[in-house]
Amino acid sequence: MGLEQKLGDMGIVTTSLEKAVNWARSNAIWPMLFGLACCAIEMMSAQAPRYDLSRFGMELMRASPRQSDLMIVAGRVSRKMAPVLRNLYDQMPDPKWVIAMGDCASCGGVFNNYAIVQGVDEIVPVDVYVAGCPPRPETLIDGIMKLQQKIRHEPLKKWQ
C-alpha cells in the first residue's frame, strides 16, 4: 500500500513567496538577551523546560546583536543605558523586532524620575508591549505569538 493510497489525491499546494518567507521568519526568531531588572528572571523562566520557548523556534537567547532579530527589553532602562540599547539595536541585521517586556520598559513603571527612560519606545521602535510587573512567562509567550502574527502579515517590500 503506497502513500498515495493512504492519503488520497493531495492536489496542488500553492502559496506566494511573501507568505513562505514570512512563515519561515516567524517560526525562526532569534531573540537577544537584554534583561535589566526583575523582568529578566521571568524571561529566563520562559526559556526553561516548563514553558519552553524552543517550540516557537527560539532555541537559545543570543548574546550577540549580530545573530539576533528580536530584542526583548526586559526591565527599566536608565538614561545611561539608553545609548547602549540604541547601539545594540543598530547592530542587529534587518528585519528586526522589539518587545518591551514589563511596565518599566513600556512606560517607566513606578520609576517616574529623571534617571529612568519613560518607555523604551523613546529609543527604539517597539512592535509588541507585554504588560505586567513583572509579567508572567505566559504573558511573554503571548507577546511572542502576537509578534509572530504580525511578522506573517508584513509585506516583503518593507525590508528592501
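Guide: Helix α3 spans residues 39-47, and Cys39, Ala40, Glu42, Met43, Ala46 and Gln47 in it are buried (under 20% relative accessible area, with a 1.4 Å probe and protein chains only). Helices are DSSP runs of H or I with at least four residues, strands are E runs with at least two, and both are numbered from the N terminus. The model is predicted, so local features need pLDDT of at least 70 and side-chain atom pairs count only at pLDDT 80 or more, while totals for chains, interfaces and linings use all residues. Numbering starts from 1 along each chain as its sequence is written, and side-chain values use heavy atoms, without hydrogens and water.

The cover over the buried residues of α3 includes β1, β2, β3 and α6, where contact means heavy atoms within 4.5 Å. The strands belong to an open, parallel sheet of four, in the order β1-β2-β3-β4; pairing requires at least two DSSP bridges between two strands. From one strand to the next, the twist averages 20°.

Within the sheet, β2 (residues 70-74) and β3 (residues 97-101) are joined by five bridges in the parallel sense. Leu70 has Trp97 of β3 as its bridge partner.

Helix α6 (residues 137-152) lies across β2, β3 and β4 and runs at about 155° to β3. Such angles run from 0 to 180 degrees between N-to-C directions, with axes fitted to C-alpha atoms, for helices over the stretch in contact.

Methods
Buried means under 20% relative accessible area, exposed over 50%, partly exposed in between (1.4 Å probe, protein chains only).
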